[in-house]
Structures are given as structure tokens and as C-alpha cells.
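I opened the model to look up its salt bridges and then its nonpolar cores. My notes follow.

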Amino acid sequence: MAAENSKLEGLRIARDSDAGEGAGAKLWVTLAIVAVLLGAGLWFFAGRSHGKPVKVAAVHARPAGVAGTVLNASGYVTARRAATVSSKITGKVVEVLIEEGMAVQQGQVLARLDDATAQRQYALAVAQLDSARRSLTENEVRLKQTKLSQERAHRLAAQGISTQADVDSADAEANSFAARLDLGRQEVVVAERQLAARKQDLDDTIIRAPFTGVAVTKDAQPGEMISPVSAGGGFTRTGICTLVDMTSLEIDVDVNESYIGRVRPAQKAQAVLDAYPDWTIPAHVITTIPTADRQKATVKVRLAFEQLDPRILPDMGVKVAFLSDEPAGTGATPTAPAKPEIVIPKSALRQDGGKDVVFVLATGGDHVERRAVRLAPGQGDQAIVTSGLAEGDRVVIEGPTDLKDGDPVKVQE
């Protein structure tokens with residue numbers, strides 16, 4: 001019986017131990033749930049404090065009803081006056097005095113070439129000129145002496161003391177030195193011209209700016225060879241820098257030859273740079289190049305900016321809207337003033353349920369509001385809004401695709 005009781009005691013459940021372990025497990029589960037909720041709360045409030053990163057653009061108004069768009073085209077900003085500045089001679093570069101973006105004036109020194117040979121040739125020309133002048137002085141002295149001998153021979157011959165042969169010899173010697181004197185004078189002129197040529201060679205080792213502009217590239221370094229013609233493969237440069245006259249910037253666009261009849265000289269236009277899609281620049285047509293590209297079936301048109309701006313740079317992409325002289329729109333009475341057009345970048349537009357919507361930065365700048373808008377035909381990268389926005393609003397042009405009404409945002413510059 002004692003053995004059986006011992007076995008029964010061994011099968012009894014230790015209720016106090018199990019209860020302690022169960023309480024510990026529940027405590028860990030509770031702590032885990034609290035940690036998850038706390039992390040979610042911190043993430044939520046951090047998201048609301050930081051917000052989603054967005055970029056915004058201001059809504060602006062422009063006069064409406066001035067002219068209608070008859071044609072759109074794209075092209076590039078070009079410089080009418082640009083040059084790759086090189087040297088007139090082949091030589092080694094010893095000094096470059098410009099950097100990219102530097103403004104230079106006409107005649108300013110851009111670079112210097114090795115002038116050791118030119119200096120020696122110039123010194124030789126100076127010595128030759130000095131020698132020619134000394135020789136001329138000697139011939140002048142001898143000519144005076146021979147003229148005195150000539151006069152003496154003539155007097156003695158008149159007195160019957162000397163013979164005619166002596167007279168002829170004196171005349172010949174005087175004429176000879178007179179000829180030598182003329183030759184010496186000509187040699188002095190030749191030496192002076194040689195000196196001028198050597199001086200020009202020396203000046204050619206200094207490369208100067210041909211006009212006022214901005215250096216957009218730096219193409220050579222000290223120690224490299226430069227030549228006005230391509231020689232020596234890739235080891236010889238053909239230019240020091242590329243200089244652009246920023247006052248000569250204009251627009252070159254390709255217009256389909258089917259629509260070239262809509263373009264005329266002095267026609268008004270509006271240009272929009274790809275780099276600044278919300279900036280409209282007034283322009284006008286300079287001329288139509290009288291030739292067509294048979295491969296692209298286009299005709300090149302040159303346009304001038306009404307006013308230049310430092311933001312306009314060569315080779316920038318640009319879209320041009322050619323305008324007509326007729327008022328845009330229909331149904332407006334002549335006395336009714338046209339309402340300003342509200343213009344926004346097309347990058348601000350989004351589609352929601354087949355409708356055009358934008359997200360506007362709310363007052364305070366910490367969240368956005370969704371607004372439905374109505375559009376009118378526009379040109380380039382701009383959209384004309386007829387309702388839904390007002391001048392001064394700021395719309396989101398870059399941001400997350402899942403942006404919703406009321407989302408917190410952080411505006412990036």
C-alpha cells in the first residue's frame with residue numbers, strides 16, 4: 001500500500017508551478033502587444049510630423065485673349081555668335097588663363113604659347129635691321145667721298161692736268177656708290193618688314209578673345225600642343241576654349257513643312273524652356289531658313305527672345321507656341337474684359353476616376369487638399385485651369401503616387 005501511495009503522489013499535478021508559468025507567459029504577451037502598439041504610434045506620429053516629401057509650384061495668372069496658338073514646335077536655344085578659339089600657329093601651351101564659366105572681354109588674353117623660337121627670330125630680325133642701317137650709313141659716307149673725288153677729277157681735267165680716263169673712273173665710282181646707297185635703303189625697308197613679321201609671329205603666341213562672351217569649355221592644358229588644323233591625332237588640340245556671346249542667344253526650331261505656311265517673319269510667339277516649365281518667355285520670329293530637311297520633312301525657323309535672362313543657356317530644350325494676331329476664344333464681346341488665365345505646370349495634374357485633380361498645399365503648409373479642376377487647351381508643359389484654383393495657390397508637381405486628401409507633407413525646395 002505504501003508503494004502504491006508513493007506512485008499516486010508522483011502522478012499528482014503541481015498546480016502552483018503551472019500557475020506561475022502561465023502568469024509569466026501572459027505578461028510577455030502583454031508586453032509584446034504594448035511594444036507593437038507603441039511602435040505603431042511612434043511611426044504614425046513621426047509620419048505626421050515629417051510628412052511625405054513633395055515639391056510645389058505657385059499658381060500664377062496671365063492676361064487672356066491676346067492671341068491664339070496656331071502652331072506648336074520644339075527646338076533648342078542656340079548662340080548666333082560662338083567660336084572655338086584657337087591659335088594661328090602650331091605651338092606648345094605654356095599658360096591657360098581661363099576657366100569654364102568665366103566672362104571675358106574682347107582682346108583679353110586667354111592663353112600663351114611657348115615663344116622661345118619666336119623671341120630668337122625677333123632678336124635676329126632686330127640685328128639684321130641694325131646691320132642694314134649701319135651699312136647704309138657707310139655707303140652714304142663713301143658716296144660723299146666719291147663725289148668730292150669726282151669734282152676734283154673734273155677740275156683737273158678742265159685744267160689739262162688729268163686725263164679723260166681719270167674723269168670717267170671718278171664718275172663710275174660715284175655712280176656705283178649711289179647705286180649701293182639705293183640698295184642699302186631698300187635693304188633697310190626689307191629688314192623693317194622682316195622685323196614686323198617676326199613681331200607678328202611673337203604676338204601670335206598670345207591667344208586673345210575675339211569678342212566679349214563667356215567661356216563654356218576649356219579644351220587645352222599647359223604642356224599640350226595646339227594647332228589651327230587637326231594634326232598629330234589625339235595628341236594635338238585644335239582649340240583653347242569655346243567662347244559664347246550670351247547676348248546672341250536665340251531659338252532654332254524645326255517646323256513640319258506641312259505647317260510652315262503658318263509662320264511668318266516678326267510673328268509673336270511664346271517660348272517655354274524644358275528646365276523652367278512654368279516660365280513663359282515672349283519671343284518673335286526672325287526668319288525662316290529657305291531650305292528643307294528632306295529626311296525629316298521639316299524647315300528650320302529662327303526666333304529671338306524679347307528679353308534675355310541669365311537662366312537661358314545654350315543648347316537648352318525649348319517648346320515654342322506660334323501666336324496669331326486674332327483674339328483667342330469665341331463669344332467674348334469687344335467691351336468685355338478678358339479674365340486672366342490661371343496657369344499651372346501639367347506635371348501637377350492627376351487622374352482620379354476620369355477627372356482632372358490637383359493637390360493643393362493647405363494653409364499652414366503641413367498637409368494637402370485634393371481639388372477637382374477644369375482645363376482649357378494649353379501649350380507646351382502648361383495647363384490652363386478654368387475652375388478649381390486661384391492665383392497664389394501652391395500645387396504639388398512632384399510627390400508620391402499614393403498621395404491622398406489630408407495627407408501630411410513636407411515641402412522640398
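I started with Lys218 and Glu99, whose side chains form a salt bridge at 2.9 Å, N to O. My rule was a side-chain nitrogen of Lys or Arg within 4 Å of a carboxyl oxygen of Asp or Glu. The pair joins distant parts of the chain, 119 residues apart: Lys218 sits in strand 9, Glu99 in the loop between strand 5 and strand 6. Helices (H or I, at least four residues) and strands (E, at least two) are DSSP runs, numbered from the N terminus. Lys218 is buried at 18% relative accessibility, while Glu99 is partly exposed at 40%. I took buried as under 20% relative accessible area, exposed as over 50%, and partly exposed as in between (1.4 Å probe, protein chains only).

This is a predicted model: local features need pLDDT of at least 70, side-chain atom pairs pLDDT 80 or more, and totals for chains, interfaces and linings use all residues. I numbered residues from 1 along each chain as its sequence is written, and side-chain values use heavy atoms, without hydrogens and water.

Next I checked Asp130 and Arg134, also a salt bridge at 2.9 Å, N to O. They lie four residues apart in helix 3, so about one helical turn separates them. Asp130 is partly exposed at 38%; Arg134 is exposed at 60%.

I counted 24 salt bridges by this rule.

Then I turned to the cores, meaning buried Ala, Val, Leu, Ile, Met, Phe, Trp, Tyr and Cys residues joined through side-chain atoms within 4.5 Å. The largest has 22 residues, and Val253, Leu303, Val320 and Phe322 make the most contacts inside it. Strand 13 gives the largest share of this core, four residues.
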